[in-house]
Amino acid sequence: LPTELGLLTGLHWLSLYSNSLTGTIPAEFGNSSDLVWLDLAENSLMGTLPTELGHLTVLTNLYVNTNNFNGTVPTELGLLENLVRLHLEENMFTGTLPTELGTLLSLEEFNAAENDFSGSIPLAMSGLSSLRSFMFHDT
């Protein structure tokens, strides 16, 4: 993905769904502070999710599913207090889900199925009263 997309600070909606994209998400994406919707699903993106995504505090929808992301899910995603939908499924994430996800009180949909997580679901996520859909299982 081109780093220049991170310079579009007035951008509200970015959908690059199913475009055979390769490479990583540049840290500069964290500069798109007005971004409400980010859909990078069904590509061939890889690497880790940049911690700078935690700067997207008005983001309501984050779709990074069906890619080749690895590493751990950044704790900084817990800063996305307006997040309603978080889709992480069908990647190669490892480690445990961050406890900080339990602070996403607006979260209605969470899908982290088909990854390589270890450990248990954080107890903090039991307080997500807006949650309507929760998917978490191994491949």
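Predicted model: local features only at pLDDT ≥ 70, side-chain atom pairs only at ≥ 80, totals over all residues.
**Parallel strands and a nonpolar core**

Let me start in strand S8, where Met92 is the bridge partner of Asn70; strands here are DSSP runs of E of at least two residues, numbered from the N terminus. Residues are numbered from 1 along each chain as its sequence is written, and side-chain values use heavy atoms, with hydrogens and water left out.

S6 and S8 (residues 92-95) run parallel and are joined by two bridges, and two strands count as paired if DSSP finds at least two bridges between them. S6 (residues 68-71) is also joined by two bridges to S4 (residues 44-47), again in parallel, with Gly47 opposite Phe69.

Turning to the open sheet, six strands lie in the order S1-S3-S5-S7-S9-S11 with parallel pairing. Strand S1 (13-15) and strand S11 (133-135) are at the edges with a single partner strand each, so one side of each has no neighbour in the sheet. Within the sheet, S7 (residues 85-87) and S9 (residues 109-111) pair over three bridges, and His87 has Asn111 as its bridge partner.

Finally, the largest nonpolar core has 33 residues, and those with the most contacts inside it include Leu86 and Phe110; such a core is a set of buried Ala, Val, Leu, Ile, Met, Phe, Trp, Tyr and Cys residues joined through side-chain atoms within 4.5 Å, buried meaning under 20% relative accessible area with a 1.4 Å probe, protein chains only.

Conventions. Helix = DSSP H or I, 4+ residues; strand = E, 2+ residues; numbered from the N terminus. Buried < 20%, exposed > 50% of the residue type's maximum accessible area, 1.4 Å probe, protein only.
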